[in-house]
Amino acid sequence: EVEAVRDAYIAAAVRAEKAGFDGVEIHGAHGYILAQFLSSEINHRTDQYGGSLENRARLILEIIDGIRANTNPNFQLGLRLSPERFGLQLAEIRDVAAEVLRGQKLDFLDMSLWDVAKEPTEEAHKGATLMSFFTDLPRGETRLGAAGKIMTGPQAQSVLDAGCDFAIIGRAAILRHDFVKRVERDAAYA
């Protein structure tokens with residue numbers, strides 16, 4: 001069934017490209033199935049998709065490779081990861097992020113941080129923002145974005161100032177479809 005899941009992600013990206021979309025984002029965050037594979041707390045498999053972090057990340061890497069092999073080179077491909085909750089460990093997700101950035105197969109990495117200004121929940125990593133664990137990773141041509149309670153122009157700017165290439169606007173854009181235009185007109189917009 002794992003191969004069927006992998007192939008379904010790849011087929012969905014191919015369909016999106018055929019339908020005229022410019023790209024897709026693979027959702028590997030928030031406890032959904034790909035995040036479950038990454039979690040040593042949830043993933044108890046004993047095959048090539050369980051055990052070591054390398055094995056637990058295998059499905060995501062196979063999906064990335066499969067989408068790249070079956071879509072045009074200019075088809076945008078991103079990955080969303082979250083580094084906490086659902087049994088995910090910050091150090092491991094940082095390692096996965098570093099691996100996908102090193103691979104240079106993604107156009108962007110979307111780090112969903114719950115709150116872009118928060119510290120990690122793991123005691124061992126307190127004293128820095130959660131975002132800082134990812135902004136210092138070498139990323140070549142891959143762009144890095146962060147999401148998490150960005151509701152104001154200054155909060156969006158703080159993400160850029162912290163080293164991300166873009167800020168990901170969720171709730172603010174749902175509440176105000178023209179959030180970005182409002183921030184362009186008034187940098188302090190909330």
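User: Which residues does Arg 80 touch, not counting residues up to four places away in sequence?

Analyst: This is a predicted model, and the contacts below are read from it. Arg 80 touches Glu 25, Ile 26, His 27, Gly 28, Ala 29 and His 30, and also Asp 110, Ser 112, Ala 147 and Ile 168, with residues up to four places away in sequence left out. Arg 80 itself sits in strand β2.

User: Is Arg 80 buried or exposed?

Analyst: Buried means under 20% relative accessible area. Arg 80 has 16%, so it counts as buried.

User: What joins the side chains of Arg 80 and Asp 110?

Analyst: The two side chains are joined by a polar contact of 2.7 Å.

User: How many residues apart along the chain are Arg 80 and Ala 146, and what separates their C-alpha atoms?

Analyst: They are 66 residues apart along the chain, and their C-alpha atoms are separated by 9.4 Å.

User: Now the helices. How are two packed helices described?

Analyst: The description uses the angle between the two axes and the distance between those axes. Take α1 (residues 2-18) and α3 here: their axes come within 9 Å and cross at roughly 35°. The crossing of α1 past α3 is right-handed. On the α1 side, the contact is made by Val 2, Val 5, Arg 6, Tyr 9, Ile 10, Ala 13, Val 14 and Glu 17. The α3 side supplies Leu 59, Glu 62, Ile 63, Gly 66, Ile 67 and Asn 70. By class, the residues of this contact between α1 and α3 are nine nonpolar, two polar and three charged.

User: At what angle do α3 and α4 pack, and how far apart are their axes?

Analyst: Helix α3 (residues 53-70) and helix α4 (residues 90-103) pack at about 40°, with axes 11 Å apart. α3 also passes α4 in a right-handed crossing. Leu 53, Arg 56, Ala 57, Leu 61 and Ile 64 of α3 meet Glu 92, Asp 95, Val 96, Glu 99 and Val 100 of α4. The residues of the contact of α3 with α4 comprise six nonpolar, no polar and four charged.

User: Which residues of α4 are buried, and what covers them?

Analyst: The buried residues in α4 are Leu 90, Ile 93, Val 96, Ala 97, Ala 98, Val 100 and Leu 101. Their cover includes α2 (33-38), α3, β2 (76-81), β3 (108-112) and α5 (132-135). As for span, α4 has 14 residues and reaches 20 Å from its first C-alpha to its last, close to the 20 Å expected at 1.5 Å a residue. Just after α4, Gln 104 takes a positive phi of about 55°.

User: Where is Leu 113 found, and what does it touch?

Analyst: Leu 113 is in the loop between β3 and α5. Its relative accessible area is 0%, so Leu 113 is buried. Leaving out residues up to four places away in sequence, Leu 113 touches Pro 83, Lys 118, Leu 130, Met 131, Ala 146 and Ala 147. The C-alpha atoms of Leu 113 and Tyr 189, 76 residues apart along the chain, are separated by 22 Å.

User: Why does Thr 135 count as buried?

Analyst: Thr 135 counts as buried because its relative accessibility is 17%. Thr 135 lies in helix α5. With residues up to four places away in sequence left out, Thr 135 touches Leu 144, Ala 162, Gly 163 and Cys 164. Its side chain reaches the backbone oxygen of Ala 162 at 3.5 Å.

Conventions. Residues are numbered from 1 along each chain as its sequence is written. This is a predicted model: local features need pLDDT of at least 70, side-chain atom pairs count only at pLDDT 80 or more; totals for chains, interfaces and linings use all residues. Side-chain values use heavy atoms; hydrogens and water are left out. Axes are lines fitted to C-alpha atoms, for helices over the stretch in contact, and angles run from 0 to 180 degrees between N-to-C directions. Helices (H or I, at least four residues) and strands (E, at least two) are DSSP runs, numbered from the N terminus. A crossing is left-handed if the near helix is turned anticlockwise from the far one by less than a right angle, and right-handed if clockwise. Contact means heavy atoms within 4.5 Å. Ala, Val, Leu, Ile, Met, Phe, Trp, Tyr, Cys and Pro count as nonpolar, Asp, Glu, Lys and Arg as charged, and the others, Gly among them, as polar. The expected span of a helix is 1.5 Å times one less than its number of residues. Buried means under 20% relative accessible area, exposed over 50%, partly exposed in between (1.4 Å probe, protein chains only). A polar contact is a pair of N or O atoms within 3.5 Å; within protein, one must be able to donate a hydrogen and the other to accept it, and residues adjacent in sequence count only if both atoms are side-chain atoms.
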